[in-house]
Amino acid sequence: MRQPYQVLVFPYRKINKEYQFCIFFREDLKVWQGIAGGVDDNESIIIAAKREAFEEANIKKTAAFIKLESSTKISVIDVVGEFLWGKDTYLITEFAFGVDAQNEKIKLSFEHLEYKWTNYDDAIKLLNWDSNKTALWELNERLKRRDMNESTISNINNTI
């Protein structure tokens, strides 16, 4: 049995000072998306994100995950096809994460036909769902701001 939650994970890496994001082409729905999956009973949201990233892309559970603020509600019918949690549970919450996959070798599960590393602008054009686009936007902004902060700290340290 699973809990009424969903996780969404976007792997990222930095190549020549530019971030790339890994997106996945889902076999059954024929759409581009992040890694997505359910939260099993007795699992926390972050453990589910780590498990799904490992199962769908072979990303180590020890990789650095970023919890995003992005979340959305998805109809229970669209996710599991039935009122799995009773007649009064119409929507489940999807929680989003980024994961540093700089040193990871992506290996697809049966759920996806292909994956691609791409820049933010190209990924946004390919993603199907608004929730994926919002989560990727947030991840991209967080990474850019983190880089700006690190650069500022480095510059301050160099002038002292």
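In the predicted model, a salt bridge links the side chains of Glu52 and Arg51, with an N to O distance of 3.0 Å. Both partners are buried: Glu52 has a relative accessibility of 6%, and Arg51 has a relative accessible area of 12%.

A second salt bridge pairs Lys144 with Glu141, whose closest N and O atoms lie 2.9 Å apart. The two residues are three positions apart in helix H4, and about one helical turn therefore separates them. Lys144 is partly exposed, at 40% relative accessible area, whereas Glu141 counts as buried, at 18% relative accessibility.

In total, 11 salt bridges are counted in the model. Among them is a contact between the side chains of Lys14 and Asp147, at 2.9 Å from N to O. Because Lys14 belongs to strand S1 and Asp147 to helix H4 (residues 130–159), this pair ties together parts that are 133 residues apart in sequence. Lys14 is partly exposed, with 31% relative accessible area.

Strand S1 (residues 2–15) also takes part in strand pairing. Strands S1 and S4 run antiparallel and are joined by six bridges. Within this pairing, Gly38 of S4 stands opposite Gln6. Strand S4 spans residues 35–40, and five of its six residues are buried, so the strand is largely enclosed by the rest of the structure.

How values were computed: Residues are numbered from 1 along each chain as its sequence is written. This is a predicted model: local features need pLDDT of at least 70, side-chain atom pairs count only at pLDDT 80 or more; totals for chains, interfaces and linings use all residues. Side-chain values use heavy atoms; hydrogens and water are left out. Buried means under 20% relative accessible area, exposed over 50%, partly exposed in between (1.4 Å probe, protein chains only). Helices (H or I, at least four residues) and strands (E, at least two) are DSSP runs, numbered from the N terminus. Two strands pair if DSSP finds at least two bridges between them. A salt bridge is a side-chain nitrogen of Lys or Arg within 4 Å of a carboxyl oxygen of Asp or Glu.
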